[in-house]
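Dear colleague,

Please find the structure below.

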Amino acid sequence: MNNKFYITTPIYYVNDKPHIGHAYTTILADVLARYHKTAGDEVFFLTGLDEHGQKVQQAAQKRGLSAQAHCDDLAPRFIQLWEKLEIKYDDFIRTTQERHIKVVQAVLQKVYESGDIYLHEYEGWYSVAEERFITETEKESGAFRDVKPLKERNWFFKMSKYQQTLIDYINDNPSFIQPVHRRNEILGFLKQPLGDLCISRPKARMDWGIELPFDKEYVTYVWFDALINYITAPGYLSDDEKFKKWWPADVHLLGKDILTTHSVYWTTMLFSLALPLPKTIFAHGWWLIGETKMSKSLGNVVNPLDLVDQYGVDAVRYYLMREMVLGQDANFTLESFIKRYNSDLANDFGNLLNRVSGLVGKYFEGVVAEEGQVNEPELAIQKQAGALDAKVRQLVDELRINEAIEETLQLVRAANKYLEYQAPWKVAKESLPQAGTILYTAMEALRISAVLLAPVMPAKTATVLDVLGATDSAPRWGELKSGTKLKTHDALFPRLEVKE
RNA sequence: CGCGGGAUAGAGCAGCCAGGUAGCUCGUCAGGCUCAUAACCUGAAGGUCAACGGUUCAAAUCCGUUUCCCGCAACCA
């Protein structure tokens with residue numbers, strides 16, 4: 001069952017500080033990477049920064065810095081945020097790194113030599129204010145001032161050449177673009193004739209980029225540069241063995257805003273290079289913030305990242321993963337955060353730990369009893385817990401993280417219910433061994449839940465497993481050792497009180 | 001008629017592909033328990049499954065029309 005799993009986030013554009021969108025994608029990738037590691041897969045998790053292009057140059061100018069200095073200043077902010085969010089990537093790529101520049105130039109040369117790049121005089125509407133070409137539709141929208149027709153010689157990539165190949169590929173590989181409605185969008189988009197892609201920018205206009213190897217007057221268009229990061233990192237043209245091992249990527253995770261670039265630009269580039277396409281491109285939705293119905297009593301927290309300091313990284317990771325449905329958008333409100341925190345983490349998960357550790361402390365001097373004689377109710381819990389690992393794994397494979405979490409919480413709820421019915425605090429007065437069996441069963445359910453929630457909440461689940469003396473245990477029934485002395489602990493997720 | 005997605009209890013979602021008592025979480029109300037973080041457990045109320053029409057013994061589910069919401073419409077990372 002040991003497969004390789006190569007997952008990527010987009011490399012983030014450093015024209016601004018990291019925000020919730022960056023954080024969400026990266027946490028999601030981290031959670032998927034951790035689930036796959038737990039399942040025994042060999043994992044390569046790549047993230048990084050996209051540092052070239054006009055917007056970066058402008059942002060740098062505005063701050064009175066050189067473009068590189070600007071990037072060097074922003075990069076640590078991303079890296080530090082990832083540390084704070086418990087993100088464990090395997091490689092962090094920056095497009096200004098030598099290793100990347102080399103590969104981009106080699107790719108350009110290769111594609112150029114294959115005849116897929118040509119020089120062409122482009123004429124279009126140029127927005128002086130925006131310093132870029134705009135489309136006909138944009139021009140008609142009237143949102144751009146100082147629009148004038150402009151002619152410019154540029155290098156173009158023959159994207160149109162691969163249009164039919166791409167359409168066929170998407171049709172033959174249903175899981176290539178997900179979710180399904182995004183796939184349909186792309187197929188719809190491809191019904192119209194595909195133009196070629198302008199991949200150069202004249203240095204006279206914009207020089208912060210990778211110089212074209214075959215024309216020193218131009219730098220590479222930032223997307224053509226950026227997308228190549230996915231093959232630079234696993235060793236394309238630098239480490240054949242490594243590259244062979246990891247490519248193609250299993251999942252490119254991205255926001256819905258950059259689906260076209262990935263599913264059209266990137267794939268046609270790969271066709272031109274004769275490289276296999278990534279197995280899945282998954283476009284997730286956005287977090288909508290600022291729903292004005294936010295309750296006044298809850299204060300005015302707007303940035304979810306601020307919640308990390310206040311409520312802990314695990315709670316925030318849990319919330320983001322649990323609340324976002326598949327490829328849809330989700331609303332962020334402090335109210336829903338607190339609800340989710342209290343109902344799932346404090347009342348169900350954290351409280352279950354308190355219940356069992358309290359009872360074990362009271363009746364067994366804090367020592368885990370023998371599992372002993374099991375009956376129907378115990379077997380029911382065992383069955384549910386035993387099936388959970390496979391179920392969660394399948395949901396994770398389908399990228400349905402929120403459902404995987406919900407499925408795990410069902411076991412936590414079942415364990416709480418089981419305790420209620422079996423009432424070990426009563427049974428202990430008549431039969432201590434039987435009470436021990438009940439507590440063992442509940443603790444096993446808790447332990448397995450913790451193991452399966454570990455990718456989402458690495459820190460808090462580590463605490464639970466530490467209390468149970470079961471660090472590094474597998475989500476299989478029976479790994480909790482009787483005779484273990486439970487460690488003392490504080491409330492895992494203290495309930496949040498909401499002032500009226 | 002540019003292409004596509006959606007409309008299911010107060011809220012957020014599942015169910016639709018392979019028609020057959022409408023389900024989950026939160027919230028509300030009542031009760032229980034008292035080991036626990038005023039928690040946990042049980043029960044109840046609450047839905048003409050957007051509207052209209054069609055197919056069928058049977059439609060949230062398949063087909064058509066209408067209304068409303070949303071996404072995409074490329075060189076903007």
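The term pLDDT denotes the predictor's confidence in each residue, on a scale from 0 to 100. Helices (H or I, at least four residues) and strands (E, at least two) are DSSP runs, numbered from the N terminus. The pLDDT falls below 50 over residues 290-301, a stretch that has 15 contacts in the model beyond near neighbours in sequence; a contact means heavy atoms within 4.5 Å. For chain A, the mean pLDDT is 88, and 92% of the residues reach 70 or more. The scores of the model are ipTM 0.88 and pTM 0.92.

This is a predicted model, in which local features need pLDDT of at least 70 and side-chain atom pairs count only at pLDDT 80 or more, while totals for chains, interfaces and linings use all residues. Residues are numbered from 1 along each chain as its sequence is written, chains are lettered from A and ligands numbered from 1 in the order in which they are written, and side-chain values use heavy atoms, with hydrogens and water left out.

I turn now to the sheets. Two strands pair if DSSP finds at least two bridges between them. One open sheet has six strands in the order 3-2-1-12-13-7, with parallel pairing. Its edge strands, strand 3 and strand 7, each pair on one side only. Within it, strand 1 and strand 12 run parallel and are joined by two bridges; Thr8 stands opposite His252 in strand 12.

Another open sheet consists of three strands in the order 9-11-10, and here the pairing is antiparallel. Strand 9 (200-202) and strand 10 (211-212) are at the edges with a single partner strand each, so one side of each has no neighbour in the sheet. Strand 9 is joined to strand 11 (residues 215-220) by three bridges, and Ser200 has Thr220 as its bridge partner in strand 11.

What lines the second largest pocket? A pocket is found on a 1 Å grid over the protein atoms alone: it is an open set of points where a 1.4 Å probe fits, with protein on both sides within 12 Å along at least five of seven lines, and its lining residues have an atom within 4 Å of a point. The lining here comprises 39 residues, of which Tyr35, His36, Lys37, Thr38 and Ala39 lie nearest the centre. Strand 1 (4-13), helix 1 (20-38), helix 15 (376-397), helix 18 (432-453) and helix 19 (458-467) each contribute at least two residues to this lining.

A salt bridge is a side-chain nitrogen of Lys or Arg within 4 Å of a carboxyl oxygen of Asp or Glu. The whole structure holds 30 salt bridges. One of them joins the side chains of Glu42 and Lys245 (2.5 Å, N to O). This pair links distant parts of the chain, 203 residues apart, with Glu42 in strand 2 (residues 42-50) and Lys245 in helix 10 (residues 240-246).

Finally, some details of the backbone deserve attention. Most residues other than glycine have a negative phi, and most peptide bonds are trans. Glu86, which is not a glycine, has a positive phi of about 60°; Glu86 lies in the loop between helix 3 (67-84) and strand 3 (91-94). Gln178 and Pro179 are joined by a cis peptide bond, with omega about -10°. A cis peptide bond also joins Trp247 and Pro248, where omega is about 5°.

Yours sincerely
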